[in-house]
Amino acid sequence: MNGIGRYRRRFQVPTVLGSPVIAKFMAAVAIMVLPIAIVRYIVLGEYILSVYYTVIVALIAADLWCYLKWHKVPINPTVLLIAVEFGAFELIAHHGASAAFWLFPITVAGFFYSSLGVAQVIGSIMTLIGGVLVYRATGDFWFAFRFVLALGTVIVFLRFMLKTMRRLENELGDAVERDALTGCRNRRSFMRRLEEGRFGAGPGSLMFIDIDHFKQVNDSYGHVVGDQVLCMMVEGMSEVLRQQEYLYRMGGEEFAVLLPNVPVELAVRVGERLRRHLAEKELPKGIRLTISVGVESYSTPDEIEQTLNRADANLYRAKQAGRNTVMHPGSVGG
């Protein structure tokens, strides 16, 4: 089943930067241009081609309408792309090499309608078939060879361009969701994770952390030392937290740790390890700092908003209890 799922995902509309917008534009152009060809085929008496392209226009229009309304496409765009290509091959066979130039915009469209790997395979096959048809139509081997070379160059360029766009998109997305000072994920990343509902398959825990008396560090030693201390505290947290645990800087000296699939009892132990480890950590200027921690659990993603409020309340209880402590649902006092 996993193999089938991966196979299907290859034929999904890509999410490379700009692809949905460009795909919509190309679909709109196809809907406007193809009717002109349909009328021409009717005038020439080529009714099968006219009906064929009429159906394709209707299907493209239906896909575009559904995407604009619900952001879903009932008919896979790759299927429509292949159907358009077969029509282009028929045109080359009946009307000569001049019709082959339509393969260029169709090839470009393929890279925005299909995943990169599928677009390359379809584009390469289309190039070879197109080259053969052009040769049969003209009898000129070198003309057909230049046609294949030009279309192949377009494919290579598109692959390079989209890979570059994807890399830049990933780098930009990561930069936007990273705290510039400490390097851990930021509040924006935390909120997006909450909006997307990515909390793991089962119950999990949430931890709010506040560095005790951090304002005094800035007041006594300046913000340069304060920044160094903050980075070292984050480094200390990372030394304790496991890979599946996510650390976010919510602002100033406040942090959140999201623990998917971790029961609250284990989360409390993680909080205690963090507290002890950071209290012993050597910081610049001989500074020693502690943390206050509020821990809460959630059973389903629907509870996450209430969990945030309870974790924040537990953090407040930890501060009221004298700081340097971990408060959780079973804690007494505060």
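**Exercise 1. Find the domains of the chain and how far apart their centres are.**

Start with the domain assignment, which is automatic or taken from a database. It gives domain 1 (19–175) and domain 2 (187–327). Next, take the centres over C-alpha atoms: 52 Å separate them.

A note on the numbers: this is a predicted model, where local features need pLDDT of at least 70, side-chain atom pairs count only at pLDDT 80 or more, and totals for chains, interfaces and linings use all residues. Residues are numbered from 1 along each chain as its sequence is written, and side-chain values use heavy atoms, with hydrogens and water left out.

**Exercise 2. Work out how the span of helix α6 compares with the expected one.**

Helices here are DSSP runs (H or I, at least four residues), numbered from the N terminus. The expected span is 1.5 Å times one less than the number of residues. Helix α6 (residues 116–138) has 23 residues, so 33 Å is expected. From first C-alpha to last, α6 reaches 32 Å, close to that value. Just after α6, Gly139 has a positive phi of about 70 degrees.

**Exercise 3. Decide whether Phe141 is buried, partly exposed or exposed.**

Then apply the cut-offs: buried is under 20% relative accessible area, exposed is over 50%, and partly exposed is in between (1.4 Å probe, protein chains only). Phe141 has 48% relative accessibility, so it counts as partly exposed. For contrast, the buried residues of α6 include Leu116, Ile122 and Val134.

Terms used
Helix = DSSP H or I, 4+ residues; strand = E, 2+ residues; numbered from the N terminus.
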